[in-house]
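Here is a brisk report on side-chain contacts. Look over the sequence and the fold first.

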Amino acid sequence: MTLPRVTVLLAEDEPDLPGLESLEGLARIHQHRGVDGLAPRLAETDVLVVTDFRVEALERAWPSPCPIRWVHATSAGVDALMIPPLRDSDIPVTNAAGIFDRGIAEYVLGALLLFAKDTLGNLRYQRQRQWRHRETHMLRDQSALVVGAGSIGREVATLLGALGMDVIGTARRARQHDAAFARVHAQEDLPALLGDADYVIIAAPLTRQTEGLFNTGTFARMKPGAVLVNVGRGAIVDTRALLAALDDGHLGGAALDVFEQEPLPADHPLWDYPNVMISAHMAGDAKGWRTALGHQFVDNFERWRRGQPLRNPVDTQRGYGQR
């Protein structure tokens with residue numbers, strides 16, 4: 001029996017995806033780094049696991065005819081992977097939905113506490129050796145708007161709701177009943193919702209509809225002093241508009257894990273804002289996350305081998321997980 005050929009596409013400095021040794025005797029595994037030799041490797045691949053999204057190289061190397069029968073992304077967002085030859089094919093695509101949900105939700109909670117308790121101010125005054133007594137805010141009874149009510153957004157809402165916050169969400173379509181949210185509105189209702197939210201959390205995928213969604217007009221509709229948290233995709237936020245909203249004092253602050261340009265350049269003005277927290281696209285990367293990704297793929301591989309429905313299918317036309 002010919003074993004299926006599994007290629008794991010890794011960055012040059014990335015270690016092997018753990019856990020795949022359990023597939024010995026069931027598949028031929030090749031952990032491929034970088035772009036050299038990628039085209040001939042893809043031409044001999046049945047299952048492609050993508051951890052390194054060098055999409056230009058992937059598109060150039062995409063084989064024709066294509067032997068690939070399934071593509072798995074080790075991320076929740078798959079926007080970068082939707083190159084035309086894959087998007088327009090009938091090759092099933094799956095993602096890592098569920099792995100990062102709790103870690104991102106705890107990151108969001110930490111960010112909200114950071115601003116509610118003025119921790120940035122505490123650290124600043126500590127460095128200056130200044131004793132500055134202030135009053136801070138409670139999160140209880142504050143309002144949070146989660147833009148993107150998928151699995152990550154629902155975990156965020158569940159955690160914030162447990163603190164007594166009023167949490168509403170937006171999704172492609174409104175939902176009548178969702179235990180995680182007080183209400184889930186259609187995405188088109190976003191402009192009318194922004195003015196009531198103390199905290200706005202972006203947890204949406206990057207699509208044609210969400211790219212540049214937070215622009216000058218969007219920020220103007222937000223409640224004065226509101227805080228923005230972006231754990232979705234950087235391109236959902238127009239960075240110039242964000243800077244302007246911070247400069248004029250309309251926004252109370254921002255916690256940003258993703259950016260239009262990554263890594264964020266060292267000379268970028270965002271680094272210098274006292275009311276901005278920056279992290280390096282790591283909100284969901286809790287200890288053990290790579291091992292969890294490997295186990296998730298192995299579980300799905302067993303389903304694929306048996307002809308069972310794959311977990312976490314992606315709608316390739318819309319560019320995010322099917323819900």
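Predicted model: local features only at pLDDT ≥ 70, side-chain atom pairs only at ≥ 80, totals over all residues.

Residues are numbered from 1 along each chain as its sequence is written, and side-chain values use heavy atoms, with hydrogens and water left out.

**Salt bridges**

The structure holds 16 salt bridges. The term means a side-chain nitrogen of Lys or Arg within 4 Å of a carboxyl oxygen of Asp or Glu. The table lists some of them.

| Pair | N to O distance |
|---|---|
| Arg-5 and Asp-46 | 3.0 Å |
| Asp-88 and Arg-87 | 3.2 Å |
| Arg-102 and Glu-155 | 3.6 Å |

Arg-102 sits in helix H4 and Glu-155 in helix H6 (residues 151–162), so this pair ties together parts 53 residues apart in sequence. Helices are DSSP runs (H or I) of at least four residues, numbered from the N terminus. Arg-5, Asp-46 and Arg-69 are linked in a salt-bridge network.

Asp-46 is buried at 9% relative accessibility. Asp-88 is exposed at 54%. Arg-5 is partly exposed at 25%. Buried means under 20% relative accessible area, exposed over 50%, and partly exposed in between (1.4 Å probe, protein chains only).

**Aromatic contacts**

There are 6 aromatic pairs (ring centres within 6.5 Å, taking the six-membered ring of Trp; planes under 30 degrees apart are stacked, over 60 edge-to-face, the rest tilted). Phe-100 and Trp-289 make a tilted pair, 6.1 Å centre to centre with 50° between the planes. Phe-100 is buried at 8%, whereas Trp-289 is partly exposed at 27%. Trp-70, Phe-297, Phe-301 and Trp-304 form one aromatic cluster.

How values were computed:
Helix = DSSP H or I, 4+ residues; strand = E, 2+ residues; numbered from the N terminus.
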